[in-house]
Amino acid sequence: MKSWLNALARTRDKIVGGLARLVPGLAKADPAALEEWERALIQADISPRLVGEWIERLRRQAGRGDVRSEIETMLQATFPAEAPFTWRSGETPRVVLITGVNGSGKTTTAAKLGHLIKREGLKPLLAAADTFRAAGSHQLKLWADRLDLDAVVGAHGADSAAVAFDSVKAGIARRSDVVLIDTAGRMHTKQPLMNELQKVHRSVAKALPGAPHESWIVLDATLGNNAVVQARMFKECVALTGVVVAKLDGSSKAGFIFTLQKELGLPVRFIGLGEGADDIVPFNPGEFVKGFLGLSSNHAD
Ligand SMILES: Nc1nc2c(ncn2[C@@H]2O[C@H](COP(=O)(O)OP(=O)(O)O)[C@@H](O)[C@H]2O)c(=O)[nH]1
Ligand SMILES: [Mg+2]
């Protein structure tokens, strides 16, 4: 499995080289050092507002303690302390709706998550509700066959909300632990598709009150700030509960993860590190911050 600390290398390259050189200046709140550090953080696609807060705090803290640990603490504070995400729920399956624009990595993510859930000894059910494109549901079916995962596959052109409904009912009947519903790539600028997504939400709730328990948007990490824009638009349309960041392996803009949490209140649950079934890991804020700043001992690459 790929290391996600390695996946942060491109982002880190922008940040860390500068940080080592800037530490003495930052410790004294030297304006030129602060300005350079600010620029590096913004280049990694952290929102200027959040970077502004950090710079202000560094300025106030100047001369008091170790500036590196101050930076680490500050970045870490973006993420609320909470218990790690767990798949287990009660009597009924946990229903996870997977949304996002075309090509972000939804289908791959659904398959990877199914694989991961199975490895944890639980029973996943994949649901191919991307009936919009001919290849949409077929792709998930191929994954399910390859990974030997239970699947409900909607026919091309079928009503996506009906497929989602049926999959939840099937999950209940088959005593699945988690139902992962892959939806069509919704362009957030196309209102009818957003309406359809709301309809999927409603029909899932009809099949099982309280569902979906999670509604996750899959974001392409190479888009950086534009991924935040997508998340914001989806969040206005449906009650998102979290994010899966795909393609972190190709991104130099991983800083947008701070913005998602801080400005949209959306926790990142998993990150994708490649195209293989195993290339997904739970998001760990502490490790992320260390990897981002190059503070970890095992990130060498
Ligand atoms: N490098 C890399 N590629 C990924 C990752 N996740 C998905 N992809 C690729 O991104 C492309 C689109 O993925 P797909 O799951 O079909 O996106 P969808 O349209 O949202 O369902 C495919 O070529 C995937 O192999 C990832 O974590 N890393
Ligand atoms: Mg797809």
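With 22 C-beta neighbours inside 10 Å, Ala 231 counts as buried; a residue is buried if 20 or more other C-beta atoms lie within 10 Å of its own, exposed if 12 or fewer, and partly exposed in between, with C-beta atoms placed from the backbone. The model is predicted: local features need pLDDT of at least 70, side-chain atom pairs count only at pLDDT 80 or more, and totals for chains, interfaces and linings use all residues. Residues are numbered from 1 along each chain as its sequence is written, while chains are lettered from A and ligands numbered from 1 in the order in which they are written.

Ala 231 sits in helix 10 (residues 225–237). Helices (H or I, at least four residues) and strands (E, at least two) are DSSP runs, numbered from the N terminus. Leaving aside neighbours within four places in sequence, Ala 231 is in contact with Ile 217, Leu 219, Val 243, Leu 260, Leu 264 and Leu 266; contact requires C-beta atoms, placed from the backbone, that lie within 7 Å. Ala 221 is 10 residues from Ala 231 along the chain, and their C-alpha atoms are separated by 12 Å.

The protein as a whole has 12 helices and eight strands. Its radius of gyration is 20 Å, close to the 19 Å that the globule rule gives for 301 residues, so the protein is as compact as a globular protein of that length. The radius is taken over C-alpha atoms, and the globule rule is 2.2 Å times the number of residues to the power 0.38. Along the principal axes, the C-alpha atoms fill a box of roughly 65 × 40 × 35 Å. Of the 301 residues, 45% count as buried. Among contacts with a separation of 6 or more, 76% are between residues 24 or more positions apart.

Strand 1 (residues 94–99) is largely enclosed by the rest of the structure, because six of its six residues are buried. In a regular strand the side chains alternate between the two faces of the sheet. In strand 1 both faces are covered: Arg 94, Val 96 and Ile 98 are buried on one side, and Val 95, Leu 97 and Thr 99 on the other. Strand 1 runs parallel to strand 4 (residues 178–182), joined by five bridges; two strands pair if DSSP finds at least two bridges between them. Leu 97 stands opposite Ile 181 of strand 4. Strand 1 is also parallel to strand 5 (residues 214–220), with four bridges between them. There, Thr 99 has Ile 217 as its bridge partner. Ile 217 is also one of the contacts of Ala 231.

Next comes the ligand. The shell around ligand 1 holds 19 residues, the closest being Gly 105, Lys 106, Thr 107, Thr 108 and Gly 272; a residue is near a molecule or strand if its C-beta atom, placed from the backbone, lies within 6 Å of it. By class, the shell has three nonpolar, 11 polar and five charged residues. Here Ala, Val, Leu, Ile, Met, Phe, Trp, Tyr, Cys and Pro count as nonpolar, Asp, Glu, Lys and Arg as charged, and the others, Gly among them, as polar. Helix 6 (residues 106–119) gives the most to this shell, with three residues.

Helix 6 is mostly covered, with 11 of its 14 residues buried. The buried residues include Lys 106, Thr 107 and Thr 108, which are also among the residues closest to ligand 1. Just after helix 6, Gly 121 takes a positive phi of about 85°.

Other backbone features lie in loops. Most residues other than glycine have a negative phi, and most peptide bonds are trans. Asp 148 has a positive phi, near 55°, and lies in the loop between helix 7 (134–147) and strand 3 (150–153). Asp 148 counts as exposed because it has 9 C-beta neighbours inside 10 Å. Arg 175 likewise has a positive phi near 55°, in the loop between helix 8 (160–173) and strand 4. Arg 175 is exposed, with 11 C-beta neighbours inside 10 Å. The peptide bond from Ala 211 to Pro 212 is cis, with omega near -5°; Pro 212 belongs to the loop between helix 9 (191–207) and strand 5.

Notes. Two residues are in contact if their C-beta atoms, placed from the backbone, lie within 7 Å.
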